[in-house]
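Visitor: I have a model open and would like to talk it through. Can you put it up?

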Amino acid sequence: MKYLLVCLGLAAGCGGRANEAHLIPGDRGPAITVEVLNASGRAGDARIGTRVLRRAGIDVVYFGNGPDGGLDSTRIIVRRGGADVGQRVRAALGSGRVELQLDSARLLDVSVLLGADFPGSRALDFHP
């Protein structure tokens, strides 16, 4: 009984996170697998983009650095599926241009290249 009370106390003390609803990939339509690449030149954007997409129920299978040089705008490149897949990712990110570059050899649906227009931590309610 004492163990149960301790567990309940810990769950209650998580700052409300125990009651937060987190979406599960595939919960609202077909699951989308995504890679997030930081091409903005700002450190930490790929991690922030990953958190944003995962909160929206999108399955991020990889994140890291993208091409050097810094992109001005975010690109959402659909590798498998249609433009609607890219629009779901765009809606979660709040910005980006959807492009179709189908490539069945890749084991993911979308590649996201975060550009300088991605708000990063400035517009989000959490710190990376």
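Guide: What follows is a short walk through this predicted model.

Visitor: What's the order of helices and strands along the chain?

Guide: The pattern along the sequence is α-β-α-β-β-α-β-β, with three helices and five strands in the protein chain.

Visitor: And how are the strands arranged in the sheet?

Guide: The five strands make an open sheet with mixed pairing, in the order 2-1-5-3-4. Strand 2 (59-65) and strand 4 (97-100) are the edges; each has a single partner strand, so one side of each has no neighbour in the sheet. On average, neighbouring strands are turned by 20° against each other, direction ignored.

Visitor: In which sense do strand 1 and strand 5 pair?

Guide: Strand 1 (residues 33-38) and strand 5 (residues 110-114) pair in the parallel sense, over five bridges. Within that pairing, Leu37 has Leu113 in strand 5 as its bridge partner.

Visitor: Which strands does helix 2 lie across?

Guide: Helix 2 (residues 45-55) lies across strand 1, strand 2 and strand 5, and runs at about 170° to strand 2.

Visitor: OK, the core. Which residues have the most contacts inside the largest one?

Guide: Val34, Leu53, Val89, Leu93 and Val110 do, in a nonpolar core of 17 residues. Strand 1, helix 2, helix 3 (83-93) and strand 5 each give two or more residues to this core. Helix 2 supplies the largest share, four residues.

Visitor: What is Val110 in contact with, beyond its sequence neighbours?

Guide: Setting aside neighbours within four places in sequence, the contacts of Val110 include Ile32, Val34, Glu35, Ile77, Val85 and Val89.

Visitor: Glu35 is on that list. Is Glu35 buried or exposed?

Guide: Glu35 is buried, with a relative accessible area of 10%. The Glu35 side chain meets that of Arg106 in a salt bridge (3.3 Å, N to O). Glu35 sits in strand 1 and Arg106 in the loop between strand 4 and strand 5, so the pair ties together parts 71 residues apart in sequence. Arg106 is partly exposed, at 32% relative accessible area. Glu35, Asp103 and Arg106 are linked in a network of salt bridges.

Visitor: How many salt bridges in total?

Guide: The count comes to six.

Visitor: What does Glu99 pair with?

Guide: Glu99 meets Arg75 in a salt bridge (2.9 Å, N to O). That pair links strand 4, which holds Glu99, to strand 3 (residues 75-78), which holds Arg75, 24 residues apart. Glu99 also forms a salt bridge with Arg97, the closest N and O atoms being 2.7 Å apart.

Methods
Residues are numbered from 1 along each chain as its sequence is written. This is a predicted model: local features need pLDDT of at least 70, side-chain atom pairs count only at pLDDT 80 or more; totals for chains, interfaces and linings use all residues. Side-chain values use heavy atoms; hydrogens and water are left out. Two strands pair if DSSP finds at least two bridges between them. Axes are lines fitted to C-alpha atoms, for helices over the stretch in contact, and angles run from 0 to 180 degrees between N-to-C directions. Contact means heavy atoms within 4.5 Å. A nonpolar core is a set of buried Ala, Val, Leu, Ile, Met, Phe, Trp, Tyr and Cys residues joined through side-chain atoms within 4.5 Å. Buried means under 20% relative accessible area, exposed over 50%, partly exposed in between (1.4 Å probe, protein chains only). A salt bridge is a side-chain nitrogen of Lys or Arg within 4 Å of a carboxyl oxygen of Asp or Glu.
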